[in-house]
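Hi there,

Here is the structure I promised to pass on, with the sequence alongside. My notes on it follow below.

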Amino acid sequence: MMNKEEFAQAANYWHERDAVAKKMPREELQAEILRVIGANNTCALATGCGDFVRCTPIEYSYNDGCFWLFSEGGEKFRALAENANVSLAIYAHYAGFDKLESLQVMGRAEVVDAFSLRYNEQLAKKGLSPDAVRRMPHALHLICIQPSRFECLCAAFKKRGYDSRQTYAVAAK
């Protein structure tokens, strides 16, 4: 079994690698992040509080610099009630080590009030009307995730002269 020092060493692995990594220019990395987000529509959303953790596969939309997730409910809301810090992962189908592509996002979640202006705007972007959603047998909740950090892993970055793992911190608003 690993001791505390070995756990700490393993936990610091990427911090040490990032310190000496060949970085991609910020604008180029931002474009790659948006490409990965746009090429997919499903993520794994990780939520947790206390000794409870949950990882939920869920469809997302991305606009206005945020991830938007509609959900009828589930245990993720148990964690969100106590802890707004979340992580989500987007990843391409595994087609070999030389084709790896994934995105890990850290951020804060907010449950948007049903039928508020922001809620209705996201309904419209999904092609849904508030009246149709009101007629649904279950409530439809909207989670907005404001990203604070992206970690992008893309094997193709190596061919362009950069490290395969790149980090993008979102500027505070």
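**A buried arginine and its partners**

Arginine 165 is buried, because its relative accessible area is 9% and buried means under 20%, with exposed being over 50% and partly exposed in between (1.4 Å probe, protein chains only). Before you go further, please keep in mind that this is a predicted model, in which local features need pLDDT of at least 70, side-chain atom pairs count only at pLDDT 80 or more, and totals for chains, interfaces and linings use all residues. Residues are numbered from 1 along each chain as its sequence is written, and side-chain values use heavy atoms, with hydrogens and water left out.

Arginine 165 sits in strand 8 (residues 165-169); helices (H or I, at least four residues) and strands (E, at least two) are DSSP runs, numbered from the N terminus. Its side chain makes a polar contact with the side chain of aspartate 18 at 2.5 Å, and another with the side chain of glutamate 151 at 2.9 Å. A polar contact here is a pair of N or O atoms within 3.5 Å; within protein, one must be able to donate a hydrogen and the other to accept it, and residues adjacent in sequence count only if both atoms are side-chain atoms. Setting aside neighbours within four places in sequence, arginine 165 is in contact (heavy atoms within 4.5 Å) with Trp14, Asp18, Glu151, Cys152 and Leu153.

Rolling a probe the size of a water molecule over the atoms shows where empty space is left. On a 1 Å grid over the protein atoms alone, a cavity is a set of points where a 1.4 Å probe fits but cannot get out, while a pocket is an open set with protein on both sides within 12 Å along at least five of seven lines; lining residues have an atom within 4 Å of a point. Grid points are joined across faces, edges and corners, and a volume is the space filled by probe spheres set on the points.

How many cavities of 30 Å³ or more are there? The count comes to 1, and the largest cavity holds about 40 Å³ of space. Helix 2 (residues 13-19) gives the largest share of its lining, 3 residues. That lining divides into 2 nonpolar, 1 polar and 4 charged residues, where Ala, Val, Leu, Ile, Met, Phe, Trp, Tyr, Cys and Pro count as nonpolar, Asp, Glu, Lys and Arg as charged, and the others, Gly among them, as polar.

The largest pocket has a volume of about 190 Å³. It is lined by 13 residues, of which Gln30, Tyr62, Phe150, Tyr168 and Val170 are the closest to its centre. Helix 3 (26-38) and strand 7 (141-154) are the elements that give two or more residues to this lining, with helix 3 providing the largest share, 4 residues. By type, the pocket lining has 8 nonpolar, 3 polar and 2 charged residues.

**The nonpolar cores**

In soluble globular proteins, nonpolar side chains tend to be buried together. A nonpolar core is a set of buried Ala, Val, Leu, Ile, Met, Phe, Trp, Tyr and Cys residues joined through side-chain atoms within 4.5 Å. The largest one has 27 residues, and Phe67, Leu69, Ile90, Leu103 and Ile145 touch the most other members. Strand 7 gives the most to this core, with 5 residues. A second, separate core of 10 residues includes Trp68, Phe70, Leu123 and Leu142.

**Two more residues to look at**

Serine 71 lies in strand 4 and is buried, with a relative accessible area of 6%. A polar atom of its side chain lies 3.0 Å from the backbone oxygen of glycine 73, and a polar contact of 3.2 Å joins the side chains of serine 71 and lysine 76.

Is glutamate 110, by contrast, buried or partly exposed? At 37% relative accessibility, glutamate 110 counts as partly exposed. Glutamate 110 belongs to strand 6 (residues 101-112), and its side chain is joined to that of arginine 118 by a polar contact of 3.1 Å.

Best wishes
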